[in-house]
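Here is the note I promised on the side-chain contacts, written so that each point can be checked against the coordinates.

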Amino acid sequence: MFDRYSIPAHVMGDSIEGETIVINALTGAYYTLDSEASAVWSAITGPGTEVPSEDALDMLRALVDEGLLVGPPGVARTTDRPVFVKYTDMEELLLADPIHEVDDRGWPLLRQ
């Protein structure tokens, strides 16, 4: 099931001790996945990961809907169970171009 899903080039994520953080470089939003969604993410990024939830398909669809995964069309979500927490407080810094948008003071201070 997981081999039909892939991570777009503008999305990066890492799992450490069961917690996954994902960044969408196009929007500047970052996410923390819950433990079950982290298992789903690990199943896509690495071999041999067991997914403990029957809701795996719903979690995959939530990640596709948010643009964090690419998958087959036509799969509908069955619940609105939270899968991740979305943070937008660092969008300006994550979207900044540190070479072209800073002044003589340097990164992370953006040109006004």
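The points below take up the salt bridges, the aromatic pairs and one further residue.

1. Basis. This is a predicted model, in which local features need pLDDT of at least 70 and side-chain atom pairs count only at pLDDT 80 or more, while totals for chains, interfaces and linings use all residues. Residues are numbered from 1 along each chain as its sequence is written, and side-chain values use heavy atoms, with hydrogens and water left out.

2. Searching the whole structure gives two salt bridges (a side-chain nitrogen of Lys or Arg within 4 Å of a carboxyl oxygen of Asp or Glu). One of them joins aspartate 65 to arginine 61, with 2.9 Å from N to O. Both residues belong to helix 2 (residues 56–65), where they stand four residues apart, about one turn of the helix; helices (H or I, at least four residues) and strands (E, at least two) are DSSP runs, numbered from the N terminus. Arginine 61 is buried at a relative accessible area of 16%, whereas aspartate 65 is partly exposed at 49% (buried means under 20% relative accessible area, exposed over 50%, partly exposed in between, with a 1.4 Å probe and protein chains only).

3. Salt bridge between distant parts. Glutamate 66 and lysine 86 also meet through their side chains in a salt bridge, at 3.0 Å from N to O. This pair links distant parts of the chain, 20 residues apart, since glutamate 66 sits in the loop between helix 2 and strand 4 (84–87) and lysine 86 in strand 4. Glutamate 66 is partly exposed at 24% relative accessibility, and lysine 86 is partly exposed at 45%.

4. Aromatic pairs. The search of the whole structure finds two aromatic pairs (rings of Phe, Tyr and Trp, the last by its six-membered ring, with centres within 6.5 Å; planes under 30 degrees apart count as stacked, over 60 as edge-to-face and the rest as tilted). Tyrosine 30 and tyrosine 87 are stacked, at 5.0 Å centre to centre and 15 degrees between the planes. Tyrosine 30 lies in strand 3 (residues 30–33) and tyrosine 87 in strand 4, so the pair ties together parts 57 residues apart in sequence. Tyrosine 31 and phenylalanine 84 pair edge-to-face, at 5.2 Å centre to centre and 90 degrees between the planes. Tyrosine 31 is buried at 1% relative accessibility, while phenylalanine 84 is partly exposed at 23%.

5. Serine 42. This residue is placed in helix 1 (residues 35–45) and counts as buried at 18% relative accessibility. Serine 42 and glycine 13, 29 residues apart in sequence, are 9.8 Å apart in space from C-alpha to C-alpha.
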